[in-house]
Amino acid sequence: MAFGGTALAQEPTPTPPPASSTSESPPADAVPVSGSLNNGGERLSDVDVRAVDASGEEVARTTSADGGRWTLELSPGSYTFEVDAETLPDGVSVQGEVQRDVAAGRANTVIFSFGEARTATEVPFYEKFIRTTVDGLRFGLVIALAAVGLSLIFGTTGLTNFAHGELVTLGAVAAWVFNVSMGIQLIWATILAVIVGVAIGWLNNAGIWRPLRKRKTGLIAQLVVSIGLAIALRYLILIFFSDRAEPFDDYQAQTQNEWGPLAITNVNLACIVISIVVLVGVAIMLQRTRIGKAMRAVADNRDLAASSGINVERVVTFVWCMGGGLAALGGVLFGLSELGGRVQWEMGFKLLLLMFAGITLGGLGTAYGALLGCVIVGLLVQWSTMIINPDLKYIGGLLVLILILVVRPQGILGSRQRIG
């Protein structure tokens, strides 16, 4: 068509969106929904993920990038998320769809499970008992790993540190930041988190507890300070982290390995092995090294150890650093094995009661008592799930704490002289 001798050019046809992005432009109120496709540790790229609304209509679709990460932009609402099975690699299958409410102002994460879906079968009692016992052993070892530092801190300083649970949470959060935000593989992220835990332990002692000890502050006042510190740290984590459970990028959707009556995932098996190796290493350090002997001497009699030439403050600093590192490692293993590979802002607070129950049962101030007591508590907690609702299993830790304080307050390996 010409007007005044000049032809009007037609508007160019819009270029269709690439296959790896959503089919339409995101709505104005869109919020991100993301996830990571992992099949037993193998990250799945070039796999289509789509979102379907309540009417059954597909509203968005994307393709996972390298590393299995994917993101969709959706308006707040309820959606069903599906993986296109035709885009999965050969031999990989997905266990159905995931329904999720998407809301603004929070992290919207979707996790798919891969592998054949299990059918409900009747498990014999003896087999269920064996599996529960193994799970209790795993849980008790993780509690012990986090609680050994708490017990040694009490033994060397007399402080009942209620902020120790937050050291557990900070270790798990640090590993999550390294793993998810920085893209570091979880094994290396855990090592870095342990280093962060050591640094936090050192800062705790240098910035708070050493000045209080120099001022001859009483243990009751220090206990109150630890409670205030725990509350402050807990809500600082809530502010800067998230109020929802956030998953690690690695080792999601694990499948169980079955050996007769035993059934355990690779992650839980690794948690048991790592916990045993670390705890054996701590025991060897306490028995065979100079610093270990100095720690036991300070725990037995602080004044006598100082008069024998032991630098008590150096020993206490080492205990705080070791306690922070062990708490950080325990936090990562607790998130992986007990929380389904996720990190929660109050996970350490939930574990604190069980740590106190374990070290009270084993004997306050003794590393070996903490190990024994925590393993017993872990077994009792998991065995209780065969009788009561699993959501109430942590109540067993409180019952153990009450019974031990009534019947034998010094614990299994403790002595009346230490308590009195």
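Visitor: Which residues form a nonpolar patch on the surface?

Guide: Patches are made of residues with over 30% relative accessible area and no salt bridge, with nonpolar side chains (Val, Leu, Ile, Met, Phe, Trp, Tyr) joined within 5 Å and like charges within 9 Å; a salt bridge is a side-chain nitrogen of Lys or Arg within 4 Å of a carboxyl oxygen of Asp or Glu. In this predicted model, the nonpolar patch is formed by Leu 353, Ile 387, Ile 388, Leu 392, Ile 395, Leu 398, Leu 399, Ile 402, Val 406 and Val 407, which together have about 940 Å² of accessible area (Shrake-Rupley method, 1.4 Å probe, with only the protein chains shown counting as cover for residues). Helix 11 (residues 395-407) gives the largest share, six residues, where helices are DSSP runs of H or I with at least four residues and strands are runs of E with at least two, numbered from the N terminus.

Visitor: Is Ile 387 buried or exposed?

Guide: Buried means under 20% relative accessible area, exposed over 50%, and partly exposed in between (1.4 Å probe, protein chains only). Ile 387, placed in the loop between helix 10 (367-384) and helix 11, is exposed, because its relative accessible area is 76%.

Visitor: What is the order of the open sheet of three strands?

Guide: Strands of a sheet pair through backbone hydrogen bonds, either parallel or antiparallel, and two strands count as paired if DSSP finds at least two bridges between them. Here the order is 8-3-11, with mixed pairing, and the edge strands, each pairing on one side only, are strand 8 (69-74) and strand 11 (108-109). Strand 3 (residues 31-36) pairs with strand 11 in the parallel sense over two bridges, and Thr 109 in strand 11 is the bridge partner of Ser 34.

Key
Residues numbered from 1 in each chain as written. Predicted model: local features only at pLDDT ≥ 70, side-chain atom pairs only at ≥ 80, totals over all residues. Heavy atoms only, no water.
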